[in-house]
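Colleague: Let's go through this model together. I'll ask, you answer.

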Amino acid sequence: MTGSITDSIIVGGGLAGPALALALAQEGLSVTLIDARPERASEHFDGRAYALALASRRLLANIGVWAHVAN
């Protein structure tokens, strides 16, 4: 059987799963991220908000994401 080898499999997304997947991939690991299929996007704001601790902000800055979500 042939196929690719995955160094890490992350099950579950949220905020932490994709951040971890990106950090591991930037270190050269092969990562598979498995998450539930998202519901259809709504055209209306759904009221969700996130409060991020300083440590989370630093993590997002270290993996190059903070500048995209800070605004």
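Colleague: What share of the residues of the protein counts as buried?

Modeller: This is a predicted model. The chain has 71 residues. Buried here means under 20% relative accessible area. On that cut-off, the buried share is 11%.

Colleague: In what order do the elements run from the N terminus?

Modeller: The protein has three helices and two strands. Strand S1 covers residues 8–11, helix H1 residues 16–26, and strand S2 residues 31–34. Helix H2 spans 54–62, and helix H3 spans 66–69. From the N terminus on, that reads β-α-β-α-α.

Colleague: Which element has the highest confidence, and which the lowest?

Modeller: The mean pLDDT of the protein is 83, with 80% of its residues at 70 or more. Among the elements, S1 is highest, at a mean of 93. The lowest, at 88, is H3.

Colleague: Which residues of helix H1 are buried, and what covers them?

Modeller: Gly17, Ala19 and Ala21 are the buried residues in H1. Their cover includes both S1 and S2. It also includes helix H2.

Colleague: Which residue just after H1 takes a positive phi?

Modeller: H1 ends at residue 26. Just after H1, the phi is about 95°. The residue is glycine 28.

Colleague: Which residue does the side chain of threonine 6 meet in a polar contact?

Modeller: Threonine 6 lies in the segment before S1. Beyond its neighbours within four places in sequence, threonine 6 is in contact with Ser30, Val31 and Thr32. The polar contact joins two side chains at 3.0 Å. The partner is threonine 32.

Colleague: How far apart are the C-alpha atoms of threonine 6 and serine 30?

Modeller: Threonine 6 is partly exposed, at 29% relative accessibility. Along the chain, threonine 6 and serine 30 are 24 residues apart. Their C-alpha atoms are separated by 5.0 Å.

Colleague: What share of contacts between residues at least 6 apart in sequence joins residues at least 24 apart?

Modeller: Threonine 6 and Ser30 are in contact. Their separation of 24 residues meets the limit of at least 24. For the protein, the share is 37%.

Colleague: Which residues form the nonpolar patch on the surface?

Modeller: Isoleucine 34, in strand S2, is one of its members. At 43% relative accessibility, isoleucine 34 counts as partly exposed. Patch residues need over 30%, so isoleucine 34 clears that cut-off. Together the patch residues have about 310 Å² of accessible area, and they are Ile9, Val11 and Ile34.

Colleague: How far is valine 69 from arginine 57, C-alpha to C-alpha?

Modeller: Valine 69 is in helix H3. It is partly exposed, with a relative accessible area of 48%. Valine 69 and arginine 57 are twelve residues apart in sequence. In space, C-alpha to C-alpha, the distance is 9.9 Å.

Definitions and conventions:
Residues are numbered from 1 along each chain as its sequence is written. Side-chain values use heavy atoms; hydrogens and water are left out. Helices (H or I, at least four residues) and strands (E, at least two) are DSSP runs, numbered from the N terminus. Buried means under 20% relative accessible area, exposed over 50%, partly exposed in between (1.4 Å probe, protein chains only). Patches are made of residues with over 30% relative accessible area and no salt bridge: like charges are joined within 9 Å, nonpolar side chains (Val, Leu, Ile, Met, Phe, Trp, Tyr) within 5 Å. Accessible areas come from the Shrake-Rupley method with a 1.4 Å probe; for residues, only the protein chains shown count as cover. A salt bridge is a side-chain nitrogen of Lys or Arg within 4 Å of a carboxyl oxygen of Asp or Glu. pLDDT is the predictor's confidence in each residue, from 0 to 100. Contact means heavy atoms within 4.5 Å. A polar contact is a pair of N or O atoms within 3.5 Å; within protein, one must be able to donate a hydrogen and the other to accept it, and residues adjacent in sequence count only if both atoms are side-chain atoms.
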